[in-house]
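Colleague: I would like a close look at one part of this chain, with the overall picture around it. Please keep to plain terms and give the cut-offs.

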Amino acid sequence: MRYAQGGGLTDAERATRERLRLLAVERFEGGQKNAEIAVALRISVRSVERWRQAWRESGEAGLLSKGSPGRPLLGEAQIVRLDRELERGPLAHGWADQRWTLARIKTVIGRLFHVSYTLEGTWRLLKRHGWSWQQPARRAIERDDDAVEVWKKETWPRVRALRRSAKPGSSSRTKQGNR
């Protein structure tokens with residue numbers, strides 16, 4: 001049985017749910033009604049109905065846990081290869097600058113191993129294997145703090161888009177204010 005949301009369960013919790021389903025099988029074989037089983041096992045009648053249906057179609061095997069619904073994981077050899085590829089840098093993989101982003105790493109994983117991760121899954125993979133996000137230890141020598149302040153005070157206010165007024169509008173094409 002696989003739960004729609006994956007259950008977010010540990011192996012022990014999945015085993016507990018499987019034991020409940022197998023207890024229900026014993027009661028199915030004993031001829032008990034769905035409502036009685038639901039009360040005895042403290043679960044919903046709908047769950048018992050689904051389990052009974054799966055039991056009729058596939059027997060006890062239809063109620064066994066199918067394991068974690070997690071994403072396909074890269075093996076250790078693939079992690080080592082990914083590490084080597086990341087050390088080569090983004091330039092070696094076709095990007096114009098030397099910045100690794102999660103989206104780029106996700107793309108590299110897909111190209112190399114034909115495995116699809118989400119951005120969050122990519123971050124978790126990297127974190128799990130000891131990689132971390134990087135931040136410069138100090139500011140660039142070329143940075144001119146005075147020029148940055150001038151830009152913030154003079155240029156940014158001119159460039160920033162002006163906000164519209166908060167009055168109600170109209171979607172009419174013939175109304176004067178909408179042209």
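How much accessible surface does the chain have, and what percentage of it belongs to carbon and sulfur atoms? And which residues make the contact between helix H1 and helix H3?

Modeller: This is a predicted model, in which local features need pLDDT of at least 70 and side-chain atom pairs count only at pLDDT 80 or more, while totals for chains, interfaces and linings use all residues. Residues are numbered from 1 along each chain as its sequence is written, and side-chain values use heavy atoms, with hydrogens and water left out.

The accessible surface of the chain is about 14000 Å², and 52% of that belongs to carbon and sulfur atoms (Shrake-Rupley method, 1.4 Å probe; for residues, only the protein chains shown count as cover). Of its 179 residues, 21% count as buried, meaning under 20% relative accessible area, against over 50% for exposed and in between for partly exposed (1.4 Å probe, protein chains only).

The chain has 7 helices and 0 strands (DSSP runs, numbered from the N terminus: H or I of at least four residues for helices, E of at least two for strands).

Now the part you asked about. The axes of H1 (residues 11–29) and H3 (residues 45–58) come within 10 Å and cross at roughly 75 degrees; axes are lines fitted to C-alpha atoms, for helices over the stretch in contact, with angles from 0 to 180 degrees between N-to-C directions. H1 is therefore roughly perpendicular to H3, a class that covers 65 to 115 degrees, whereas under 35 is roughly parallel, over 145 roughly antiparallel and the rest oblique. From H1, the contact (heavy atoms within 4.5 Å) is made by Leu 20, Arg 21, Ala 24, Val 25, Phe 28 and Glu 29. H3 supplies Val 48, Trp 51, Arg 52 and Trp 55.
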